[in-house]
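Trainee: I am new to this structure and would like to look closely at one part of it. Could you take me through that part slowly, and then show me what lies around it?

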Amino acid sequence: MEKIIVSGGNQLRGTVKVEGAKNAVLPVIAASIMASEGKSTLNQVPDLADVDTISEVLRYMNINIFKSENQLTIDASSQLKTETPFEYVRKMRASVLVLGPLLARFGHAKVAMPGGCAIGSRPIDQHLKGFEAMGAKIHVGNGYVEAFVPEKLVGARIYLDFPSVGATENLMMAAALAEGTTVIENCAREPEIVDLANYINQMGGKIVGAGTETIRIEGVPTLKGVEHTIIPDRIEAGTFMVAAAMTGGDVIVEGAIPDHLRSLIAKMREMGVKIEEYENSVRVVGNGNLKGVDIKTLPYPGFPTDLQSQFMALAMKAKGTSVITETVFENRFMHVEEFRRMNAVAKIEGRSAIIEGPSELQGAEVAATDLRAAAALIIAGLVAEGRTVVTELKHLDRGYVKFEDKLRELGADIERVIEESKEVDQVVNDSMAQSS
Ligand SMILES: CC(=O)N[C@H]1[C@@H](OP(=O)(O)OP(=O)(O)OC[C@H]2O[C@@H](n3ccc(=O)[nH]c3=O)[C@H](O)[C@@H]2O)O[C@H](CO)[C@@H](O)[C@@H]1O
Ligand SMILES: C=C(OP(=O)(O)O)C(=O)O
């Protein structure tokens with residue numbers, strides 16, 4: 001078992017560089033399935049477990065995919081298998097993003113149904129409703145969803161009940177190779193949607209309106225492989241911004257696009273954090289005198305649910321009450337219990353977590369419950385007294401590249417240990433005893 005051990009007390013200082021966005025690269029890799037001629041070359045691909053998982057999905061389908069440093073080369077030009085087994089979907093729900101591309105190109109797709117996870121039940125009804133509107137027949141059974149279309153998908157007008165990121169992406173991909181025009185209304189407006197539309201347009205697609213509530217797609221007969229650079233990860237950037245502010249440090253986050261981080265920047269400023277904006281970076285200067293604020297997670301450009309737990313860690317160091325309301329996922333407060341183990345004063349009331357600060361956080365042994373909770377617990381450890389030991393790192397590694405190394409370079413006292421011997425356990429236990 002691997003653990004991250006962090007000793008609190010050091011301020012973060014220096015420069016940290018963010019990677020390409022996980023939530024942009026996954027749909028872009030899925031869209032590459034639609035390139036029936038030529039190779040796709042993707043740059044700024046983060047070295048993440050999720051990228052390995054989706055690469056395995058593509059390999060299973062007979063796609064040639066080659067990774068070198070931060071570049072992926074994908075050749076999907078041959079006849080492909082149109083199935084994705086449960087083992088891949090179980091590891092990563094974004095595997096369902098292959099449905100749209102496969103259905104559009106081959107008229108068939110069979111993918112294991114994603115189950116719920118620690119943050120909610122996560123159904124895909126909006127994806128399926130859109131495919132049906134485009135003429136697909138859907139069969140759900142034996143743990144799989146299977147979609148067929150006798151000839152080609154046909155363009156349709158689709159209204160999403162909720163601006164789902166995954167449904168917008170899956171339907172935009174399916175529509176790119178459908179016959180005629182598709183209009184998706186009430187769609188998601190995240191920067192990752194825009195990145196995907198730009199990629200598909202470079203491949204020969206005809207998409208307008210990405211980044212607004214209505215996307216219009218003219219189907220084209222074929223798409224080809226092209227070169228594309230993935231946008232920077234706004235969630236990773238936001239995580240370092242919060243970490244810098246928590247420790248009262250001074251950090252430049254290189255690659256952060258301020259326009260992608262408006263809601264976070266506004267809320268951090270409201271708390272009293274000084275933020276300087278540049279074209280492709282931000283500088284965060286902490287302040288020992290933070291004040292509590294309220295946030296409500298919403299689809300973009302609202303406050304991102306993927307920064308909710310990290311922001312909660314920051315709220316724990318702010319003076320006064322912060323009310324953090326989660327509206328995107330039904331159950332994304334599992335970290336509250338772990339924060340309480342670190343002496344946070346926090347309670348859940350319905351869809352809100354109420355934080356009373358500032359808390360004197362104490363190091364404890366805590367378990368990551370999801371990817372962002374992992375990061376949040378680690379950054380809480382940066383300001384806790386004594387040592388915090390964070391387990392369940394498989395969540396962290398899905399979405400952060402060398403998180404602990406980047407924090408260490410900024411001055412944190414942090415290390416990852418692999419529990420192979422009793423000795424490591426002893427060191428952890430001794431230090432836990434010292435800090436309690
Ligand atoms: C790989 C990726 O990009 N993941 C992101 C994506 O996830 P994902 O694409 O799964 O998120 P969605 O926007 O689809 O889901 C948001 C909400 O809508 C519900 N819903 C969604 C689809 C559907 O058919 N029916 C339905 O009820 C979900 O259960 C959830 O409560 O957007 C989320 C919301 O910003 C982020 O937290 C995830 O990091
Ligand atoms: C919830 C997340 O990802 P996924 O949709 O891949 O589970 C996330 O990135 O925080």
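Trainee: Where is Ile-124 found?

Mentor: This is a predicted model, in which local features need pLDDT of at least 70 and side-chain atom pairs count only at pLDDT 80 or more, while totals for chains, interfaces and linings use all residues. Residues are numbered from 1 along each chain as its sequence is written, and chains are lettered from A and ligands numbered from 1 in the order in which they are written.

Ile-124 sits in the loop between strand 8 (108-112) and helix 5 (125-133), where helices (H or I, at least four residues) and strands (E, at least two) are DSSP runs numbered from the N terminus. Ile-124 counts as buried because 20 other C-beta atoms lie within 10 Å; a residue is buried at 20 or more such atoms, exposed at 12 or fewer and partly exposed in between, with C-beta atoms placed from the backbone. Leaving out residues up to four places away in sequence, Ile-124 touches Val-96 and Pro-114, a contact being two C-beta atoms, placed from the backbone, within 7 Å. An unreviewed UniProt entry lists Ile-124 under "binding site", together with Arg-93, Arg-122, Pro-123, Asp-125, Gln-126, Asp-306 and Val-328; such annotations may be inferred rather than shown by experiment, and feature names are shortened, with positions in the numbering used here.

Gln-126, another residue in that record, has its place in helix 5. Gln-126 is buried, since 21 other C-beta atoms lie within 10 Å. Not counting residues up to four places away in sequence, Gln-126 touches Leu-160, Asp-161, Phe-162, Ser-164 and Ala-167.

Ala-167 leads on to helix 6, where Ala-167 is one of the buried residues. Helix 6 covers residues 165-176, and its 12 residues reach 17 Å from the first C-alpha to the last, close to the 16 Å expected (1.5 Å times one less than the number of residues). Helix 6 is mostly covered, with 12 of its 12 residues buried.

The unreviewed UniProt entry also gives Lys-22 and Asn-23 under "binding site". Lys-22 lies in helix 1 (residues 22-31), and Asn-23 is found in helix 1 too. Lys-22 counts as buried because it has 25 C-beta neighbours inside 10 Å, and Asn-23 counts as buried with 26. Apart from neighbours within four places in sequence, Lys-22 is in contact with Pro-46, Leu-48, Asp-50, Asp-233 and Gly-399.

Asn-23 also belongs to the surroundings of ligand 2, alongside Arg-93, Ala-94, Asp-306, Leu-371, Arg-372 and Gly-399, each with its C-beta atom, placed from the backbone, within 6 Å of the ligand. By class, this shell has 2 nonpolar, 2 polar and 3 charged residues (Ala, Val, Leu, Ile, Met, Phe, Trp, Tyr, Cys and Pro count as nonpolar, Asp, Glu, Lys and Arg as charged, and the others, Gly among them, as polar). Ligand 2 lies between domain 1 (2-19 + 232-435) and domain 2 (22-229), because both give residues to its shell; the domain bounds come from an automatic or database domain assignment.

The C-alpha centres of domain 1 and domain 2 are 31 Å apart, and 18 residues of domain 1 are in contact with 15 residues of domain 2. Helix 13 (residues 394-399) gives the most to the side of domain 1 that touches domain 2, with 3 residues. That side of domain 1 has 6 nonpolar, 4 polar and 8 charged residues.
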